[in-house]
Amino acid sequence: MRSILIVGTDKGLGLALTRKFLDNDWRVTATVRETDDQQEINKLREAFGGALTVMFLDTIQNDSVVTFCEKLPESTSFDIIYMNAGVWGPLHQSAAEVTDAELHQLFMTNTIGPIRLARRLMDRLKDRGTLCFMSSHRGSVDRNIEGGLELYRASKAGLNIMARGLFSEFNRKNITVLHIHPGWVATEMGTLDGTVSAEISVAESIDGVYAVVLRNMESKKNLYLDYKNMEWAW
Ligand SMILES: NC(=O)c1ccc[n+]([C@@H]2O[C@H](COP(=O)([O-])OP(=O)(O)OC[C@H]3O[C@@H](n4cnc5c(N)ncnc54)[C@H](OP(=O)(O)O)[C@@H]3O)[C@@H](O)[C@H]2O)c1
(Lines give C-alpha, C1' and ligand atoms only; values in the text may rest on other atoms or scores of the structure.)
Protein backbone atom coordinates (compact mmCIF):
# COMPACT_ATOMS: atom_id res chain seq x y z
CA MET A 1 0.00 0.00 0.00
CA ARG A 2 1.40 3.40 -0.94
CA SER A 3 1.60 6.01 1.80
CA ILE A 4 1.19 9.76 2.03
CA LEU A 5 1.52 12.36 4.79
CA ILE A 6 -0.86 15.32 4.35
CA VAL A 7 -0.36 18.39 6.57
CA GLY A 8 -3.37 20.54 7.50
CA THR A 9 -6.46 18.37 7.01
CA ASP A 10 -9.28 19.46 9.30
CA LYS A 11 -11.14 21.34 6.52
CA GLY A 12 -10.93 22.68 2.96
CA LEU A 13 -8.52 21.22 0.43
CA GLY A 14 -6.53 19.20 2.96
CA LEU A 15 -9.62 17.34 4.16
CA ALA A 16 -10.79 16.64 0.59
CA LEU A 17 -7.31 15.51 -0.43
CA THR A 18 -7.24 13.10 2.50
CA ARG A 19 -10.57 11.60 1.43
CA LYS A 20 -9.39 11.34 -2.18
CA PHE A 21 -6.23 9.40 -1.34
CA LEU A 22 -8.14 7.11 1.05
CA ASP A 23 -10.77 6.45 -1.64
CA ASN A 24 -7.91 5.36 -3.88
CA ASP A 25 -6.50 2.87 -1.38
CA TRP A 26 -3.60 4.86 -0.02
CA ARG A 27 -2.45 4.70 3.57
CA VAL A 28 -2.77 8.29 4.84
CA THR A 29 -1.21 10.06 7.81
CA ALA A 30 -3.16 13.32 8.23
CA THR A 31 -2.38 16.16 10.61
CA VAL A 32 -4.73 18.53 12.41
CA ARG A 33 -4.20 21.04 15.17
CA GLU A 34 -5.18 20.05 18.71
CA THR A 35 -7.46 23.09 18.85
CA ASP A 36 -9.40 22.08 15.69
CA ASP A 37 -12.94 20.83 15.62
CA GLN A 38 -11.97 17.32 14.45
CA GLN A 39 -15.45 16.10 13.50
CA GLU A 40 -14.84 15.70 9.78
CA ILE A 41 -11.50 13.95 10.07
CA ASN A 42 -12.97 11.67 12.74
CA LYS A 43 -15.72 10.68 10.31
CA LEU A 44 -13.02 9.64 7.84
CA ARG A 45 -11.26 7.70 10.59
CA GLU A 46 -14.47 5.79 11.28
CA ALA A 47 -15.02 5.13 7.57
CA PHE A 48 -11.48 4.08 6.67
CA GLY A 49 -10.21 2.50 9.92
CA GLY A 50 -6.52 1.62 9.96
CA ALA A 51 -5.78 3.22 6.57
CA LEU A 52 -5.95 6.67 8.22
CA THR A 53 -3.71 7.82 11.07
CA VAL A 54 -4.47 11.26 12.50
CA MET A 55 -1.74 13.16 14.35
CA PHE A 56 -1.49 16.60 15.92
CA LEU A 57 0.73 19.23 14.34
CA ASP A 58 0.84 23.00 14.41
CA THR A 59 3.40 23.89 11.76
CA ILE A 60 4.37 27.25 13.25
CA GLN A 61 5.05 25.93 16.76
CA ASN A 62 8.53 24.44 16.93
CA ASP A 63 7.63 22.28 19.95
CA SER A 64 4.73 20.83 18.03
CA VAL A 65 6.97 20.04 15.03
CA VAL A 66 9.55 18.34 17.25
CA THR A 67 6.89 16.28 19.08
CA PHE A 68 5.24 15.29 15.80
CA CYS A 69 8.53 14.07 14.32
CA GLU A 70 9.35 12.12 17.51
CA LYS A 71 5.92 10.48 17.57
CA LEU A 72 6.09 9.23 13.99
CA PRO A 73 6.76 5.51 14.35
CA GLU A 74 10.32 4.57 13.33
CA SER A 75 9.05 2.23 10.63
CA THR A 76 6.98 4.95 8.95
CA SER A 77 8.12 6.34 5.61
CA PHE A 78 6.18 8.04 2.85
CA ASP A 79 5.94 7.89 -0.93
CA ILE A 80 4.53 11.44 -0.83
CA ILE A 81 4.68 14.24 1.72
CA TYR A 82 2.09 16.94 0.96
CA MET A 83 2.40 20.32 2.69
CA ASN A 84 -1.07 21.82 2.41
CA ALA A 85 -1.50 24.05 5.49
CA GLY A 86 -1.68 27.72 4.62
CA VAL A 87 -3.27 31.04 5.50
CA TRP A 88 -4.35 34.08 3.51
CA GLY A 89 -2.86 36.57 5.94
CA PRO A 90 -4.35 39.95 6.87
CA LEU A 91 -7.16 41.23 4.66
CA HIS A 92 -5.33 44.51 3.99
CA GLN A 93 -2.49 42.54 2.30
CA SER A 94 -0.25 45.61 2.55
CA ALA A 95 3.42 45.73 3.50
CA ALA A 96 2.83 49.29 4.70
CA GLU A 97 0.27 48.20 7.28
CA VAL A 98 1.42 44.76 8.35
CA THR A 99 2.10 44.09 12.04
CA ASP A 100 4.88 41.88 13.40
CA ALA A 101 2.32 39.31 14.56
CA GLU A 102 0.62 39.18 11.13
CA LEU A 103 3.99 38.78 9.41
CA HIS A 104 5.01 35.99 11.75
CA GLN A 105 1.80 34.04 11.24
CA LEU A 106 1.76 34.43 7.44
CA PHE A 107 5.40 33.69 6.68
CA MET A 108 5.78 30.98 9.29
CA THR A 109 2.67 29.18 8.02
CA ASN A 110 3.10 29.57 4.27
CA THR A 111 6.87 29.79 3.78
CA ILE A 112 9.21 28.78 6.61
CA GLY A 113 6.99 26.24 8.38
CA PRO A 114 6.53 23.87 5.42
CA ILE A 115 10.24 23.98 4.57
CA ARG A 116 11.36 23.46 8.18
CA LEU A 117 9.05 20.48 8.44
CA ALA A 118 10.14 19.07 5.08
CA ARG A 119 13.80 19.28 6.11
CA ARG A 120 13.07 17.42 9.34
CA LEU A 121 11.17 14.74 7.45
CA MET A 122 13.58 14.12 4.58
CA ASP A 123 14.69 10.81 6.10
CA ARG A 124 11.01 9.74 6.16
CA LEU A 125 10.62 10.36 2.43
CA LYS A 126 11.39 7.21 0.46
CA ASP A 127 14.09 7.27 -2.20
CA ARG A 128 12.37 8.50 -5.38
CA GLY A 129 9.70 10.01 -3.11
CA THR A 130 7.67 13.11 -3.93
CA LEU A 131 7.37 16.32 -1.94
CA CYS A 132 4.29 18.41 -2.76
CA PHE A 133 3.68 21.98 -1.66
CA MET A 134 0.32 23.73 -1.97
CA SER A 135 1.56 26.80 -3.77
CA SER A 136 -0.61 29.32 -5.63
CA HIS A 137 -0.62 31.12 -8.95
CA ARG A 138 -0.11 34.18 -6.75
CA GLY A 139 3.43 32.94 -6.05
CA SER A 140 4.50 33.48 -9.66
CA VAL A 141 6.85 36.45 -10.04
CA ASP A 142 6.49 36.29 -13.81
CA ARG A 143 2.68 36.48 -13.77
CA ASN A 144 2.40 39.28 -11.23
CA ILE A 145 1.32 41.88 -13.76
CA GLU A 146 -1.43 43.47 -11.69
CA GLY A 147 0.18 44.05 -8.29
CA GLY A 148 -1.74 43.89 -5.04
CA LEU A 149 -2.03 40.96 -2.59
CA GLU A 150 1.65 41.51 -1.95
CA LEU A 151 1.90 39.69 1.37
CA TYR A 152 0.25 36.45 0.27
CA ARG A 153 2.11 36.53 -3.08
CA ALA A 154 5.45 36.99 -1.30
CA SER A 155 4.73 34.13 1.09
CA LYS A 156 4.07 31.71 -1.79
CA ALA A 157 6.94 33.02 -3.95
CA GLY A 158 9.20 32.46 -0.94
CA LEU A 159 7.82 28.96 -0.56
CA ASN A 160 8.53 28.31 -4.24
CA ILE A 161 12.17 29.35 -4.07
CA MET A 162 12.83 27.46 -0.83
CA ALA A 163 11.19 24.29 -2.14
CA ARG A 164 13.31 24.58 -5.31
CA GLY A 165 16.32 24.62 -2.99
CA LEU A 166 15.25 21.36 -1.38
CA PHE A 167 14.93 19.77 -4.82
CA SER A 168 18.48 20.82 -5.69
CA GLU A 169 19.98 19.74 -2.36
CA PHE A 170 18.31 16.35 -2.14
CA ASN A 171 18.60 15.24 -5.75
CA ARG A 172 20.88 12.40 -4.57
CA LYS A 173 17.66 10.80 -3.27
CA ASN A 174 16.11 11.20 -6.73
CA ILE A 175 13.21 13.14 -5.27
CA THR A 176 10.43 14.94 -7.12
CA VAL A 177 9.21 18.33 -5.88
CA LEU A 178 5.83 19.61 -7.07
CA HIS A 179 4.50 23.12 -6.42
CA ILE A 180 0.77 22.92 -7.06
CA HIS A 181 -1.75 25.70 -7.65
CA PRO A 182 -5.14 24.14 -6.81
CA GLY A 183 -7.20 26.75 -8.69
CA TRP A 184 -9.30 29.45 -7.03
CA VAL A 185 -11.40 27.16 -4.88
CA ALA A 186 -14.54 27.59 -2.76
CA THR A 187 -13.02 26.96 0.65
CA GLU A 188 -12.99 29.24 3.70
CA MET A 189 -9.79 30.79 2.37
CA GLY A 190 -10.85 30.90 -1.28
CA THR A 191 -14.11 32.70 -0.45
CA LEU A 192 -12.58 34.87 2.30
CA ASP A 193 -14.98 33.24 4.75
CA GLY A 194 -17.94 33.36 2.38
CA THR A 195 -17.63 37.00 1.35
CA VAL A 196 -16.49 36.45 -2.28
CA SER A 197 -17.15 33.83 -4.96
CA ALA A 198 -14.44 31.40 -6.05
CA GLU A 199 -14.04 29.90 -9.53
CA ILE A 200 -14.20 26.16 -8.86
CA SER A 201 -15.51 23.67 -6.31
CA VAL A 202 -13.38 21.70 -3.87
CA ALA A 203 -14.26 18.48 -5.75
CA GLU A 204 -13.10 19.85 -9.12
CA SER A 205 -9.87 21.12 -7.61
CA ILE A 206 -9.05 17.94 -5.75
CA ASP A 207 -9.88 15.62 -8.68
CA GLY A 208 -7.40 17.68 -10.69
CA VAL A 209 -4.75 17.90 -7.97
CA TYR A 210 -4.92 14.15 -7.38
CA ALA A 211 -4.48 13.42 -11.10
CA VAL A 212 -1.56 15.87 -11.31
CA VAL A 213 0.19 14.29 -8.34
CA LEU A 214 -0.23 10.76 -9.69
CA ARG A 215 0.94 11.78 -13.15
CA ASN A 216 4.09 13.58 -11.96
CA MET A 217 5.15 11.69 -8.84
CA GLU A 218 8.53 9.97 -9.14
CA SER A 219 9.31 11.99 -12.28
CA LYS A 220 12.48 13.31 -10.57
CA LYS A 221 11.47 16.80 -11.72
CA ASN A 222 10.77 20.10 -10.00
CA LEU A 223 7.52 21.41 -11.47
CA TYR A 224 5.16 24.34 -10.83
CA LEU A 225 1.78 23.10 -12.03
CA ASP A 226 -1.87 23.96 -11.68
CA TYR A 227 -4.69 21.47 -11.05
CA LYS A 228 -5.07 21.01 -14.84
CA ASN A 229 -1.41 20.03 -15.16
CA MET A 230 -0.53 23.33 -16.87
CA GLU A 231 2.99 24.55 -16.08
CA TRP A 232 3.26 27.98 -14.48
CA ALA A 233 6.03 30.49 -15.13
CA TRP A 234 8.12 30.93 -11.99
N1 LIG B 1 -8.66 28.05 -1.78
C2 LIG B 1 -7.97 28.60 -2.79
O3 LIG B 1 -8.52 29.25 -3.70
C4 LIG B 1 -6.47 28.43 -2.84
C5 LIG B 1 -5.79 28.92 -3.97
C6 LIG B 1 -4.41 28.75 -4.05
C7 LIG B 1 -3.73 28.12 -3.03
N8 LIG B 1 -4.41 27.67 -1.93
C9 LIG B 1 -3.64 27.01 -0.88
O10 LIG B 1 -4.20 25.75 -0.57
C11 LIG B 1 -3.92 25.41 0.81
C12 LIG B 1 -5.23 25.01 1.51
O13 LIG B 1 -6.10 26.13 1.48
P14 LIG B 1 -7.69 26.02 1.71
O15 LIG B 1 -8.30 26.84 0.65
O16 LIG B 1 -8.10 24.63 1.93
O17 LIG B 1 -7.81 26.88 3.06
P18 LIG B 1 -8.57 26.60 4.44
O19 LIG B 1 -9.91 26.00 4.19
O20 LIG B 1 -8.47 27.88 5.19
O21 LIG B 1 -7.65 25.46 5.14
C22 LIG B 1 -6.34 25.77 5.53
C23 LIG B 1 -5.77 24.59 6.29
O24 LIG B 1 -4.46 24.94 6.76
C25 LIG B 1 -4.40 24.63 8.15
N26 LIG B 1 -3.45 25.44 8.89
C27 LIG B 1 -3.35 26.79 8.92
N28 LIG B 1 -2.36 27.16 9.76
C29 LIG B 1 -1.84 26.01 10.27
C30 LIG B 1 -0.80 25.72 11.20
N31 LIG B 1 -0.09 26.69 11.79
N32 LIG B 1 -0.53 24.42 11.50
C33 LIG B 1 -1.24 23.43 10.91
N34 LIG B 1 -2.25 23.64 10.04
C35 LIG B 1 -2.54 24.92 9.72
C36 LIG B 1 -5.83 24.91 8.62
O37 LIG B 1 -6.03 24.37 9.91
P38 LIG B 1 -6.86 25.21 11.01
O39 LIG B 1 -8.31 24.95 10.73
O40 LIG B 1 -6.38 24.65 12.30
O41 LIG B 1 -6.51 26.67 10.85
C42 LIG B 1 -6.61 24.22 7.51
O43 LIG B 1 -6.62 22.83 7.70
C44 LIG B 1 -3.25 26.64 1.41
O45 LIG B 1 -1.85 26.45 1.42
C46 LIG B 1 -3.62 27.76 0.43
O47 LIG B 1 -2.67 28.82 0.45
C48 LIG B 1 -5.75 27.81 -1.82
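**Ligand shell and fold**

Me: How do the residues of the shell around the ligand divide into nonpolar, polar and charged?
Reply: The shell has 11 nonpolar, 12 polar and 6 charged residues. Bear in mind that this is a predicted model.

Me: Which of the 29 residues around the ligand come nearest?
Reply: G12, G86, T187, M189 and G190.

Me: And which helix gives the largest share of the shell?
Reply: Helix α1, residues 12-23, which supplies 3 residues.

Me: Ok, stay on α1. What is its reach from first C-alpha to last?
Reply: α1 covers 17 Å with 12 residues.

Me: Is α1 largely enclosed or open?
Reply: Enclosed. 11 of the 12 residues of α1 are buried, so the rest of the structure largely surrounds it. G12, L13 and G14 are among the buried ones, as are R19 and K20.

Me: What follows the helix α1?
Reply: D25 does, with a positive phi near 65°.

Me: Switching to the whole chain. How many helices and strands?
Reply: The protein chain has 6 helices and 7 strands. From the N terminus, the order is β-α-β-α-β-α-β-α-β-α-β-α-β.

Me: Why call the chain as compact as a globular protein of its length?
Reply: Because its radius of gyration is 17 Å, close to the 17 Å that the globule rule gives for 234 residues. The C-alpha trace spans about 45 × 40 × 35 Å along its principal axes.

Me: What share of the 234 residues is buried?
Reply: 39%.

Notes
Residues numbered from 1 in each chain as written. Predicted model: local features only at pLDDT ≥ 70, side-chain atom pairs only at ≥ 80, totals over all residues. Near = placed C-beta within 6 Å. Helix = DSSP H or I, 4+ residues; strand = E, 2+ residues; numbered from the N terminus. Nonpolar A, V, L, I, M, F, W, Y, C, P; charged D, E, K, R; others polar. Expected span 1.5 Å × (residues − 1). Buried ≥ 20, exposed ≤ 12 C-beta atoms within 10 Å, placed from the backbone. Rg over C-alpha atoms; globule rule 2.2 N^0.38 Å.
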